[in-house]
Amino acid sequence: MSALLAVDGISKSFRGLKAASAVSFELDAGAILGLIGPNGAGKTTVFNMIAGVFPPDEGRVRMDGRDITGKRPDQICRAGIGRTFQIVKPFGGLTVRENVIVGALASCKTVADAEREADRVLDLLGLADKARQPAHALTLPDRKCLEVARALATRPKLLLLDEVMAGLRPTETDRMVAIFRQLNRESGLTILLIEHVMRAVMALAQRIVVLNTGEVIATGTPEEIAADQKVRDCYLGEEAA
Amino acid sequence: MAMGRATRMLIGLMVALLLAPFIGNDYLVSVLILCLFNAYLAQAWNIMMGFAGQLSLGHALYVGLGAYAGGALFFHYGTPPWIGMIVGAAIAALVGGVIGFLGFRFGVKGVYFALLTIAFAEFTRILFDHFTWVGGSSGLYLPVVRADHDNLLLLRGRPAMFYYVILGLSAAVFLICHRILGSRLGYYWRAIREDQDAAQALGIDTFKAKMAAVMLSAALTAVGGVFYAFYTNTLYAESAFAMHRSIELILGAIIGGMGTLFGPILGAFLLTLLGELLTRLAENFGHGFEGVKQIGYGLILLVIIALRREGVWPRLAKRLGLDGEKAS
Amino acid sequence: MSPEFILGIAIAGTLTGAVYGLMALGLSAIFGVMRVVNFAHGEMMVGGMYIAYLLYKTMGLDPIMMLPVAALGLFVVGYLLQRYLVNYFIEVPEHVQFLLLLAVAMVFTNAFLMIFGPDARGVQLPYAFDSYNVGPLVIDKVRLIAAVIAVLIAALLGLFFAKTRTGKAIRACADNLTGAQVVGLDVKHLYAVTFGLGAACVGAGGALMLLLVDVHPHLTTDYTLLGFIIVIIGGLGSLPGALLGGVLIGLSEAFAGFFLAASMKSMFAFGLLILVLLFRPNGLLGRGA
């Protein structure tokens, strides 16, 4: 069986500085992959190339066997990839429900269908009681949750999570982890998460790719990664310090 | 579903407006025509800025294009203005499309985009000032038929007829906005207004959606321009495309509340009535008070921007208990 | 058509352009430091023209003597405007700021209209028609004086930002606002000084412009737009760019006014603006994207 997402040797330079060089990894349908690395390792660059924010200088990205390299973010979304933003971007002037309806319109034929889908997702993520509030009035954890709800409403095959746990308290992180586990188990949602919060990655990811200075330095299960000396040196050491 | 409070109030307002010419005198009708005309234009501009978040400060361009398309076709060929409206709307949509295409494709954003719209409007103003087929700088005068009956087909007649025409147009643009706001496109626009990157990540083709906003807004504005041409009968490029018209046109929407359905109407009525009052006062004081209306507008804009940036309507809607029902 | 004649037009255009440049300099400085797009710029220019006109009319002073007064008057207006109004709107979305200054502009323009009436007013100088002959070329004395003073003031402003304590402090605010606040700079005051200086440049530009054209209230919008065109062509926030843009626009107006109808000359400016917005949005000398 071929991979759902195949990242094949993508590189990107900014003003001569190599932010990512020949990064490759694959993600099977139904899997949860964590992409980790210290600050400036190139995680967000890789993420942005997959999400279509900018095209890679070289290399290809394939989704479901189709080449999506260099497509626009909206085309990437329609190819079945949903994403969240590290710095949350709620539609502040719209209600929580309207935010999610906008996402649901990507997967629904009519506005009425999108409304139903939005209500379903809001229930799922425990935001139903805040549905009529304007999005700008939400607390940070709720805004993060709204990011996820909006992306889920597009009914992606693959969900890209950009540091969705950052800034959350441990109990909130646990709640998020539980939600993602449930989604993965019940609807087979494939997840690629970029994280700095090790606790979440270790709990959630089945496999982990470690980036450092733009290159993949290790790939393996959470246990293997935790035991890898190179990773400990560059990354875990930083946290211990 | 039972008829909502907003709907009932709207029907009440409509009935009052329909009866107004039977109750009031010619002066009242002429003021109401001005109010409705400004409400119509504010509503059309609101589509672009209020709904889709794209600031245009050159909307006089579309007023002028519509006015000249309708006026010149009638002047030269006797074409009915209703056809002129279609032609004017098509031309304006095309020009708006070109400006939108250039602006969005080349990533001209925010204030720069606003300046781009001004530049096109001013460029066209000077162009039309030298365009002899439409009268150049000496103006275009539509023949006034002194008939005692109203000709609705050619829009020649008494003020009351113009009043019902602009009332119909305003109602139509209101219904169009209401329909679109609840539609897929309406959601797309508001998402783009709030955050374009997030909108795009949710699968919205932001370029197409913004183009739709510019072109629709331009086309509707041009229809208003045709009405303007036939109501005033005289066209000068200097005033039809004027920068201050672009500014006056947006004030109603800003004061009433951008992005809402009732805001532009409320704002346009308030502003027009105030302007009329100030003009009257200035006339009584005699010479030297020409600028007083504009100063009044400027001060009101200042107060609104400083104290109530979301406009008058949202607060009023809450007072009237309509906030749950308003579409945005 | 002789080459001397064409050169003559070019010189006249360049000299007028230097005065345009001084006007645009003020707009550019205000934007460069506070990121505020001053929509009331043309109003300040015309304000400078009216101050000069009033002094000429009441005291018979030469416009060049009135220049410091016009500059000082506008400095005060600019300082107060920033200190007590615009400072409260530094953090708002840019379109709100834009509309705020638009409101200020509407009040100014129409105040001029009420005070001075719609008619054009100008000054008659004894040396208005003097000129210098340089070889085959004829250079207007008034235009030359205006241009030289404009360039001098521009140089003074540059020196101020480069050398003085206050100038350096202002640049610090522009580069790193948080840093400037941390080291205890009075940002509100510095912003107001910047706006005042920008306005003073425009006021001086207005006094000089009165040597070349008559003043009437509806010049305001023209100058505001012209100011935008110049700074965008030169690059918003770039001081040398403003002067260069001014000269370019002065030249294009001079030639367009000669080869085409005079009333069509600003079409070129708007055409140029459209092209620059599309292809060099940071201006010819602006910072990179």
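In this predicted model, strand β3 of chain A, residues 32–36, pairs with β8(A) in the parallel sense, and four bridges connect the two strands. Within this pairing, I32(A) has I191(A) of β8(A) as its bridge partner. Strand β7 of chain A, residues 158–162, also runs parallel to β8(A), and the two are joined by five bridges.

Strand β8 of chain A spans residues 190–194, and five of its five residues are buried, so the strand is largely enclosed by the rest of the structure. In a regular strand, side chains alternate between the two faces of the sheet. In β8(A), T190(A), L192(A) and I194(A) point one way, while I191(A) and L193(A) point the other way. The residues of both sets are buried.

The cysteines form a separate topic. Over all chains, a search of the whole structure finds zero disulfides. C35(B) takes part in none, and its nearest cysteine sulfur, belonging to C177(B), lies 18 Å away, whereas the cut-off for a disulfide is 2.5 Å. C35(B) is buried, with a relative accessible area of 0%. C173(C) is likewise in no disulfide; the nearest cysteine sulfur, that of C201(C), is 18 Å away. C173(C) is also buried, at a relative accessible area of 2%.

Conventions:
Residues numbered from 1 in each chain as written. Chains lettered and ligands numbered in written order. Predicted model: local features only at pLDDT ≥ 70, side-chain atom pairs only at ≥ 80, totals over all residues. Heavy atoms only, no water. Buried < 20%, exposed > 50% of the residue type's maximum accessible area, 1.4 Å probe, protein only. Pairing = 2+ DSSP bridges.
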